[in-house]
Amino acid sequence: MTAQTMEELVSLCKRRGFLFQSNDIYGGIKGLYDYGPMGVEFKNNLKQAWWKSMVYERDDTEGLDASILSSPVVLKHSGHEDTFTDPLVDCRACKSRWRADQLFENNKCPNCKSEDLTEPRPFNLMFKTAIGPVDDGSSFAYLRPETCQQIFTNFKNILDSTSRTIPFGIAQMGKAFRNEITPRNFIFRVREFEQMELEFFVKPGTDDEWHEYWINKRIEWWVNQGIKKENLKKIEVEKNELAHYSKRTVDINYVFPHGEEELEGVANRTDFDLGSHTKNQYDFKITSEVMKNSSSTTKLAVQDLEEKNWYIPYVIEPSAGVDRGVLALLNEAYREENVDKDNKRILLSLKPHLSPIKAAVIPLKKNNEELVNLSKEIKSNLQKLGLGRVVLENSGNIGKNYRRHDEIGTPICLTVDFETLEDKSVTVRDRDTMKQERVSIENLSEYYKKYFN
Ligand code: GAP
């Protein structure tokens, strides 16, 4: 079972500290959210799982963490200054603004239903900011609209500083910014978000095969994070809807509470980006037309070791939204169950590696020195195993603690009671089955480690 409505998720996220409207106390800003104590742990765990699978578990990738502020020259050559636009429509009656493709009801304003709308005009989605102390418009930067451009501009640096040869990939996670006209559906479409992007460089001619490889690999990864395969859809993007850089894109859609939409896109960007950032003085056989305008001074190309000719690699790009991943996984893990005929519980049945809290240690009696000290020691020992955050709950209300930890997805709760002082064992309660068993303190580390494997 997933959540029935977006409201159920929004309410849980606020109540339990996953997500808050940003600038809340001053009325908030649309399209911006803050990750609270549970949200930040959950989001970091998701990013860590991606990094592990994209960098640590592979032998053909490197990582990067580049700056967010981007030179306009980079975004000119990438095509973003000219083409990164949405069609914008104004309602003359109520003065609201809409994306033309979101006027669901026969060209009527979704707010006041007026038909008095302007013609669509292009609206660039990039945020600009001044660089340096004088804001005279001559020196500015863009907040990057996608994380990958700095991967392309660092291509030569990474080649020169590692021993990589084609095929290989560069992975990066981090913030991206888009001045969305109509941010909506909670954290699905926001103005500040995070992406997890891999740019995988391949020899032209091998690109179609690598593209299929990455589409399947990425679906497999989302399934491993806990999304049911039947809730993921492979959607071929229509030719007339492809981004300016793409030869072919397959979207991985997820059935969100508001409907089926894109969770991740896997694009074949050809030699568009490396080509457009390469100086137009080299004689390459490239398919994209972009080089003719380039003012770059670099040669983002590699030499074929057998044929000795130089070529610009093609790029396969799996690009996932962290926030959309958070929303999809929260939805997927959401359950409502009857505990008995009078009581219900909500739980997040998250995979343990993603849970914000891995274990809660609960002394049966609040402030009882012996129980609390022993609980602290157990907590500290489990924390040292480095599997994620472990908390001590010194409130004395076991029932309330179980409810709270069910709702934030804590896989196990450990209760330290008076018997513990005698038999040196604790009660371990499993989140999903609610079954309880006694485990000796001596074996707790092994038990805990096995649980997370
Ligand atoms: N570098 C390619 C690229 O940026 P994209 O399809 O525009 O492609 C990739 O974005 C992913 O980033 C999307 O699949 C989505 O998960 C996420 N994303 C894009 N815009 C977003 C927004 N306004 N809010 C939240 N996530 C967004």
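Modeller: Strand β14 (residues 259-270) and strand β17 (residues 314-321) pair in the antiparallel sense, over 6 bridges. This is a predicted model, where local features need pLDDT of at least 70 and side-chain atom pairs 80 or more, while totals for chains, interfaces and linings use all residues. Residues are numbered from 1 along each chain as its sequence is written, and side-chain values use heavy atoms, without hydrogens and water.

Colleague: What makes β14 and β17 a pair?

Modeller: Strands pair if DSSP finds at least two bridges between them. β14 and β17 have 6 bridges, so they count as a pair. Ala267 stands opposite Glu317 in β17.

Colleague: Which sheet holds these strands?

Modeller: An open one of 7 strands, ordered β3-β10-β11-β17-β14-β13-β12, with mixed pairing. A strand is a DSSP run of E, at least two residues; a helix is a run of H or I, at least four; both are numbered from the N terminus.

Colleague: Why are β3 and β12 called edges?

Modeller: β3 (61-63) and β12 (232-236) each have a single partner strand, so one side of each has no neighbour in the sheet.

Colleague: What lies across the sheet strands?

Modeller: Helix α2 (residues 37-56) lies across β3, β10, β11 and β17, at about 160° to β10. Helix α7 (residues 207-224) lies across β11, β12, β13, β14 and β17, at about 150° to β14. Angles run from 0 to 180 degrees between N-to-C directions of axes, which are lines fitted to C-alpha atoms, for helices over the stretch in contact. Contact means heavy atoms within 4.5 Å.

Colleague: Why is the pair of Phe168 and Phe201 called tilted?

Modeller: Rings of Phe, Tyr and Trp (its six-membered ring) pair if their centres lie within 6.5 Å; planes under 30 degrees apart are stacked, over 60 edge-to-face, the rest tilted. Here the centres are 5.6 Å apart and the planes at 35°, so the pair is tilted. Phe168 lies in β10 and Phe201 in β11, so the pair ties together parts 33 residues apart in sequence.
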